[in-house]
Amino acid sequence: MLVRILASAAAGVLLFLSFPPRTLWFLAPVAIALVVLTLTLPGRDGRTPGLRAGALLGAVFGLGFFLPLLPWIGEYVGPVPWIALSVAESVFLALFGVLVVLVARLPFAPLWIAAAWSATEWLRSTVPFGGFPWGRLAFGQSESVLLPIAAVGGAPLLSFAVALIGTALAAVVTAAPGRSAGRRRTVAVGLIVVIAVPAVGLALRPTLAGPTDGDRTVVVAAIQGSVPRLGLDFNAQRRQVLDNHVRETLRLADEVDAGRSPRPDVVVWPENASDVDPTRDRTAADEISAASVRIGAPILVGAVLANADGTSTNSVLVWDGAAGPGERHDKKIVQPFGEYLPYRSFFRLFSSYADSAGNFVPGSGDGVVHLPDAGASGEADAVALAVGVATCYEVAFDRAPAEAVAAGAQILAVPTNNATFGDTEMTYQQLAMSRVRAVEHSRTVVVAATSGVSAIVAPDGTVTSRTALFDADHLVATVGVRSTLTPATTWGARVEALLVIVGAATAVVGAVRTVRRRREPGPGPNKND
């Protein structure tokens, strides 16, 4: 059992190493294979792990993965939230361990185990408090040959593909020592899966759109103004943060006037670029209007808006020159324990930082804002541009970009604020999500971050330009405007539902068979577990 525990922990670490900023994406299926082997290989006594052992091994696997993946959670608030979240997420992988034990004896077990992984990912992306999708297998595949699969079935199918390669590898390792026809057949089928799934990804690569492919082109700009200081109090100098983004926009305007840069049709500022509410503060409004007039384009302004009831909304406003604010997107998926705190009085007992959590309320709508008369190089036939907005945390959730694209979004914007997480891997993990979303929906994604990393991501998932951390900088690119829908946009949620149903149904079948086996007279390999 000690060997199994150590192997499960090692599998979790391998999975962590497959995630950005590293490019070791191929370690993910190896990690899945290793943890499946710890859950299914018989020991010297011929026994395989039972349900309790499966839960333990799955939890150890989860801790080996989440503890090194999520330390940014506690960068400025101490280790308690980081460890608590890692333990909570590991409970879902404990469930995965149980599901593996239940379905491992069924015919075609690798397929059902991969579906069990999909079901587990769906569950932890849904509950509690709306779920926490961070660390899905798909989000570690931004550099992978498998990435184009996201265009077919979205992040759920991409995760399933990674898991299936891993479970097929485990089946090959388990069956390889045998000489029977059945074992040889298992090895052959497993190797076919291991080769065929990446081959599908490679075959789909040429079908992905390039940076300027589409109905027409527009020029987009992302502004990274940076912040006075990192940490939870980055916005203590709110006016300075706003001034930084105005200043960087004016610097871009100087480059446009000098002919060193094309004039943008839309400028994207990050989340929290104006924590001074520009709808209430005249000075802030005048600054933003002046910047928009000077650059000659509407600005998507990330702002915190104060509501009459004392709550706040995390919003993105279309600010069009002297006309001021127009359409807006209010963040619909607000972050628990950050933007709001459930059960505040209870969690205050564990951390003095509990009162630092905001009092934000979620918005509604489809996530699309419209900008007037956007067309590259002043085209005479310029028309309104529909921009889908997924603010920071929202990009981790399938439904946010999917709803926006289905509602007509032609490009996607991800305004984000990573200043509260310092010099950690969080920003690279989040950028990888934007790359998956670009392929999933065949849309250019403009990532604008307060302190980095900002980026322009093409519909094929490549990063065409990016900033460094903590630099005040801007990005400008001519990108294609697209209106066609990918299969993933149309069918992604249904694909995930099918995988979840399959995973749950086979677990029920496995549970029934386990109960029947235990009721049979005579010794069984797991009878007393």
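## The α4/α5 pair

In this predicted model, helices α4 and α5 cross with a right-handed sense. Counting by residue class, their contact is made of 13 nonpolar residues, two charged ones and one polar one. As for who is involved, α4 brings Glu89, Phe92, Leu93, Leu95, Phe96, Leu99, Val100 and Val103, and these meet Ala109, Trp112, Ile113, Ala116, Trp117, Thr120, Leu123 and Arg124 from α5.

Now for the geometry. α4 covers residues 79-103 and α5 covers residues 109-124; their axes come within 9 Å and cross at roughly 155°. Angles over 145 degrees count as roughly antiparallel, and α4 and α5 are therefore roughly antiparallel to each other.

## Two nonpolar cores

The largest nonpolar core has 85 residues, and the members that touch the most others are Leu15, Trp117 and Trp134. Helix α6 (residues 150-175) supplies the largest share of this core, with twelve residues. Trp117 also turns up in the helix pair above, on the α5 side of the contact with α4.

Setting aside neighbours within four places in sequence, Leu15 is in contact with Ala28, Ala31, Phe61, Phe65, Trp117 and Leu137. Apart from this core there is another one, of 23 residues, with Ile223, Val246, Val267 and Val301 among them.

Pro270 sits in the loop that runs between β2 (266-268) and α9 (282-295). Its relative accessibility is 0%, so Pro270 counts as buried. Once residues up to four places away in sequence are left out, Pro270 touches Ile223, His245, Gly302, Pro415, Thr416, Ala448, Ala449 and Thr450. Take Ile223 from that list: 47 residues separate Pro270 and Ile223 in sequence, while their C-alpha atoms are 7.2 Å apart. Ile223 also belongs to the 23-residue core.

Asn272 is found in the loop between β2 and α9 too. Asn272 isn't a glycine, yet its phi is positive, near 65°. With a relative accessible area of 10%, Asn272 is buried.

## Thr444, a buried loop residue

Over in the loop between α12 (426-441) and β9 (445-449) you'll find Thr444. Thr444 has 1% relative accessibility and so counts as buried.

What does Thr444 contact, leaving aside neighbours within four places in sequence? The list runs to Pro211, Ile411, Leu412, Ile456, Val457, Pro459, Val479 and Gly480.

Two cis peptide bonds deserve a mention. One goes from Pro20 to Pro21, with omega near 10°; Pro21 is in the loop between α1 (2-17) and α2 (27-40). Another joins Val127 and Pro128, where omega is about -15°, and Pro128 lies in the loop between α5 and α6.

Phe129 has a positive phi of about 55°, although it isn't a glycine. Is Phe129 buried or partly exposed? Its relative accessibility is 34%, so Phe129 counts as partly exposed. Asn272, the residue with a phi near 65°, is buried.

Technical notes: Residues numbered from 1 in each chain as written. Predicted model: local features only at pLDDT ≥ 70, side-chain atom pairs only at ≥ 80, totals over all residues. Heavy atoms only, no water. Axes fitted to C-alpha atoms, helices over the stretch in contact; angles between N-to-C directions. Helix = DSSP H or I, 4+ residues; strand = E, 2+ residues; numbered from the N terminus. Parallel < 35°, antiparallel > 145°, perpendicular 65-115°, else oblique. Left-handed = near helix turned anticlockwise from the far one by under 90°. Contact = heavy atoms within 4.5 Å. Nonpolar A, V, L, I, M, F, W, Y, C, P; charged D, E, K, R; others polar. Core = buried A, V, L, I, M, F, W, Y, C linked by side-chain atoms within 4.5 Å. Buried < 20%, exposed > 50% of the residue type's maximum accessible area, 1.4 Å probe, protein only.
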